[in-house]
Amino acid sequence: MSTPQRLAAAGALLVAIATAAFAAFPAAAAAQFTPEELANIRVYETVNKSVVHITTSTVQVDPIFGRAIPGEGAGSGCVLDKEGHILTNNHVIEGARQVVVAFSDDRTYNAQIVGRDEEYDIAVLKIDAKPETLDPIELGRSEGLRVGQKAFALGNPFGLDGTLTTGIVSSLNRSLPSRTDGSVMTGMIQTDAAMNPGNSGGPLLDSSAEMIGMCVAIRSSVGQNSGVGFAIPVDRVRRFVPELIRHGRILRAYHGIVQVSETPQGLRVWRVSDGSPADAAGLRGMRIVERRWREGAILYREREIDRDYADLIAAVDGQPVKTHTEFIDIMDGYKPGDRVVFTVVRDGSRVDIPVTLSATEPRTARR
């Protein structure tokens with residue numbers, strides 16, 4: 001579709017949304033609001049019944065006296081399906097002894113943690129509620145988002161449930177440090193729709209009242225809204241939630257390349273885990289070379305790293321790769337059992353090395 005066609009389609013969509021919004025109000029009431037205001041109201045009234053307030057109870061141990069110290073936490077979430085699955089951030093429920101989910105009509109339920117992933121900060125809960133009382137949120141698509149389009153954040157900042165804030169998609173494909181040491185969350189959506197503590201886990205929405213992301217973090221020197229918030233793209237949520245429900249965790253494809261360094265030509269392999277798929281396929285990391293010499297009665301030893309021995313990854317299944325982030329993004333597209341071809345530069349020549357990926361526990365195959 002050409003740019004003029006896309007703009008025309010976007011214009012038609014806005015007209016349709018405004019028309020639907022007007023139709024939802026009596027004529028007298030609609031006259032009080034602008035088309036933009038009516039569109040905002042429609043988003044809120046469509047989605048608010050799908051958004052929940054999550055509170056948690058935790059217990060920490062005093063490191064000095066060894067006493068149990070009770071604590072509380074709060075965040076947001078949304079209904080995924082009629083079976084009672086609730087989506088939120090992992091950090092909202094991490095360490096919780098008890099999780100309570102509250103709806104906008106004051107219904108409350110104790111929730112069980114079904115699955116969670118620390119690295120992507122995604123968690124799924126489950127409540128025992130009658131299907132007819134649940135209104136699942138509509139999942140949109142994050143692929144095709146455009147900087148400048150309208151964005152809405154709906155959640156419970158500071159415990160103020162049902163709070164709607166508006167803004168735009170400020171940027172795309174941002175990278176943030178993961179809560180897992182050494183990992184990075186890539187492809188994040190940046191927005192200036194106000195987020196504050198308590199918004200975590202709530203939806204980021206488009207003008208069609210569809211979820212395009214899950215609010216996860218803000219960038220601020222004071223821990224409150226500064227107009228720079230981030231959301232996990234909904235396409236990532238779509239992909240991993242079924243695994244969290246089925247297995248309780250994300251089944252990552254394990255290759256065994258433990259450490260790499262970035263070069264202008266590609267990724268230099270520092271270390272390959274013994275017995276891993278990469279090791280079995282013959283991928284080479286750096287090796288230690290020991291030199292010995294004698295001067296008189298004294299024997300000298302010197303160890304140095306032989307960088308030239310190590311493979312340099314130039315492409316993965318034909319996709320050029322130069323950064324660690326690109327490598328992680330590409331490898332996230334594979335599942336255990338998949339076969340992937342690493343194109344490496346070895347001794348000045350390009351070599352294709354097929355590797356059959358296996359499964360491993362989260363946090364052990366990311367570097």
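Are Phe103 and Tyr109 buried or exposed? I looked this up in the model, which is predicted, and found that Phe103 is buried and that Tyr109 is buried as well.

**Entry on aromatic pairs**

I noted that a pair of aromatic rings is described by the distance of the centres and the angle of the planes. I found three aromatic pairs in the structure. One of them joins Phe103 and Tyr109. Their centres are 5.9 Å apart, the planes stand at 85°, and the pair is edge-to-face.

I then turned to Phe327 and Phe342, which form a tilted pair with 6.4 Å centre to centre and 40° between the planes. This pair links distant parts of the chain, 15 residues apart. I located Phe327 in helix H7 (residues 324–331) and Phe342 in strand S20 (residues 339–346). Phe327 has a relative accessible area of 1%, so I recorded Phe327 as buried, the cut-off being under 20%. Phe342 is also buried, because its relative accessibility is 0%.

**Entry on arginines over rings**

Which residue lies over the face of Tyr120? I found Arg252 there, at 5.1 Å from the ring centre. I also found Arg284 over the face of Tyr309, at 4.0 Å from the ring centre.

**Entry on helix H3**

I checked the span of helix H3 (residues 35–47), which has 13 residues. At 1.5 Å a residue, H3 should span 18 Å, and the end C-alpha atoms are 18 Å apart, so the two values agree. I listed the buried residues in H3 as Leu38, Ala39, Asn40, Val43 and Val47.

Key: Residues are numbered from 1 along each chain as its sequence is written. This is a predicted model: local features need pLDDT of at least 70, side-chain atom pairs count only at pLDDT 80 or more; totals for chains, interfaces and linings use all residues. Side-chain values use heavy atoms; hydrogens and water are left out. Rings of Phe, Tyr and Trp (its six-membered ring) pair if their centres lie within 6.5 Å; planes under 30 degrees apart count as stacked, over 60 as edge-to-face and the rest as tilted. Buried means under 20% relative accessible area, exposed over 50%, partly exposed in between (1.4 Å probe, protein chains only). Helices (H or I, at least four residues) and strands (E, at least two) are DSSP runs, numbered from the N terminus. A charge sits over a ring if NZ of Lys or CZ of Arg is within 6 Å of the ring centre and within 35 degrees of the ring normal. The expected span of a helix is 1.5 Å times one less than its number of residues.
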